[in-house]
Amino acid sequence: MEISVIGTGYVGLVTGVCLAHIGNKVTCIDIDEEKINTLKSGISPIYEEGLTELLQENINNGNLDFTSDYKEGLAGKKFVYIAVGTPQGEDGSADLTYIDKACESIAQHLEENTVIVTKSTVPVGTNEYIKGKIESNLINEVTIKIASNPEFLRQGSAVYDTFNGDRIVVGSDDEETLNLLEKINEGFKLPIVRTDLRSAEMIKYASNAFLATKISFINEMANLSEKIGANIDHVAKGMGMDKRIGNSFLNAGIGYGGSCFPKDTRAIISIGKKAQYDMPILENVVDANERQRDILVDKVLKKYKDISGKKVAVLGLAFKPNTDDMREAPSISVTNKLLANGAIVTAYDPVATDNAKEVLSSQVKFAKSIEDAIDGADIAMILTEWAEIKAYPLESYKNYMNQAVIFDGRNCHSLELAKESGAVYHSIGRPSMND
Ligand SMILES: NC(=O)C1=CN([C@@H]2O[C@H](COP(=O)(O)OP(=O)(O)OC[C@H]3O[C@@H](n4cnc5c(N)ncnc54)[C@H](O)[C@@H]3O)[C@@H](O)[C@H]2O)C=CC1
Ligand SMILES: O=C(O)[C@H]1O[C@H](OP(=O)(O)OP(=O)(O)OC[C@H]2O[C@@H](n3ccc(=O)[nH]c3=O)[C@H](O)[C@@H]2O)[C@H](O)[C@@H](O)[C@@H]1O
């Protein structure tokens, strides 16, 4: 199939590359010319395992190309995927500015009948809005069909998820469009859920909201476990063995971040408000997550009372491992709170340092290795469970720090090893060691 993908961010680029890999002829369009030039030379602007290899292979075999020119990018295409950002607006609802602009550009350059497929996460009813927006701006006499094909990939394992996800959702109010979308997606060899437009849009928000709820729930259990002398690792294991609960997404920590859970939970609350329906569960999920981000610094402040002038090493900055994305990363609020309390902060992340420099305070110093960060530090705080940070032995901290005091916001180490190491070790929802 001849496909055009609008937007080459995490979703658009991975979608475009993977659609090309299963045999489609794909042109990706982005308004960011610098990004397009980078992509044309076979370099991925984002860090995703396996992406560069697939990108280069499909450019070389002629299945994939890139342009910032809509006319060139839409020529001869039967399907146009929209994968532009839908960030959080000021009132918490999804901001559709990028969608609007993409629709206007599509309408001005569409020369034949086309199926518009929305990959971006958009509020219920937006696909109908997109159809109207494009139709009212069309220059040529063409007809468009519309479909929703929400994306469930995770950053850091985006390519893997595209070929190994649990399901693909295709939504349309037109049977023929659903058949076409099903045909395109057959190449991924995953179960396909066929549904109407609005249900497809709702499946995306309901899924992210449920996962966010699971995280806030386990964090609440962790905070209580700590107070009453239980261990959240054992609690989560015991809960997760019940298949109705499931053992994934039960890792307690300093809260969820990233470009999606925070914005999508707020967006669904806003969708509820517009439908005059309160969503008390989700409102509390969001509040609980905000509070959870403070938990680790609060532990530090409880122990030291005054951290002014103390040297704090922050290990891990990205919102989760295997990504360089800093959007809504808990490290932002943690470092701000440390600095506000007078601490001297040195941070290390294996991949996200460049992006972190853009969003963290200029007072944060950046280290090139774990050793570099903890050298001469009074306190070490683990914020992201990178494999490198997890594998770094607790015994080694004392070789560099003034005294090995570690606050682990991602429960990277077993309590047994923590005890043996002799380091003072605090974590989330578990007893402290050697304190
Ligand atoms: N990042 C993720 O892991 C996931 C994101 N989503 C959803 O997918 C959508 C896209 O998210 P990301 O890929 O993270 O966004 P992103 O911000 O990484 O990328 C968006 C891209 O669209 C481009 N763009 C903006 N306006 C444009 C226009 N008018 N024409 C052409 N290109 C334009 C930007 O230059 C940028 O390269 C959002 O709705 C998001 O909620 C869904 C599942 C996973
Ligand atoms: O809509 C989206 O953008 C995507 O959002 C999430 O993917 P992502 O944000 O990449 O990352 P996750 O692995 O889900 O982690 C999100 C946040 O939750 C936190 N988390 C996750 C799992 C857990 O058990 N505990 C926990 O605190 C992570 O540290 C991270 O900050 C969903 O997992 C994807 O299915 C979805 O497509």
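Student: In which hand does helix H9 pass helix H10?

Tutor: A crossing is called left-handed if the near helix is turned anticlockwise from the far one by less than a right angle, and right-handed if clockwise. Here H9 passes H10 in a right-handed crossing. Keep in mind that this is a predicted model, in which local features need pLDDT of at least 70, side-chain atom pairs count only at pLDDT 80 or more, and totals for chains, interfaces and linings use all residues. Residues are numbered from 1 along each chain as its sequence is written, while chains are lettered from A and ligands numbered from 1 in the order in which they are written.

Student: What else describes a pair of packed helices?

Tutor: Two packed helices are described by the angle between their axes and by the distance between the axes. The axes are lines fitted to C-alpha atoms, for helices over the stretch in contact, and angles run from 0 to 180 degrees between N-to-C directions. Helices (H or I, at least four residues) and strands (E, at least two) are DSSP runs, numbered from the N terminus. H9 covers residues 197-228 and H10 residues 232-240; their axes come within 9 Å and cross at roughly 135°. H9 and H10 are therefore oblique to each other: under 35 degrees counts as roughly parallel, over 145 as roughly antiparallel, 65 to 115 as roughly perpendicular and the rest as oblique.

Student: Which residues of H9 and H10 make the contact?

Tutor: Two residues are in contact if their C-beta atoms, placed from the backbone, lie within 7 Å. Ile218, Met221, Ala222 and Ser225 of H9 meet Ile232, Val235 and Ala236 of H10.

Student: At what angle does H9 pack with helix H11?

Tutor: H9 and H11 (residues 261-274) pack at about 115°, with their axes 9 Å apart. These two helices are therefore roughly perpendicular to each other, and their crossing is left-handed. The H9 side of the contact includes Tyr205 and Asn208, and the H11 side includes Phe261 and Asp264. That contact has seven nonpolar, two polar and one charged residues.

Student: Are Lys305 and Asn411 buried or exposed?

Tutor: A residue is buried if 20 or more other C-beta atoms lie within 10 Å of its own, exposed if 12 or fewer, and partly exposed in between, with C-beta atoms placed from the backbone. Lys305 is exposed, with 8 other C-beta atoms within 10 Å, whereas Asn411 is buried, with 21.

Student: How many residues does the largest nonpolar core have?

Tutor: A nonpolar core is a set of buried Ala, Val, Leu, Ile, Met, Phe, Trp, Tyr and Cys residues joined through C-beta atoms within 7 Å. The largest one has 121 residues, and Ile406 is among those with the most contacts inside it. Leaving aside neighbours within four places in sequence, the contacts of Ile406 include Ala380, Leu394 and Tyr425.

Definitions and conventions:
Nonpolar A, V, L, I, M, F, W, Y, C, P; charged D, E, K, R; others polar.
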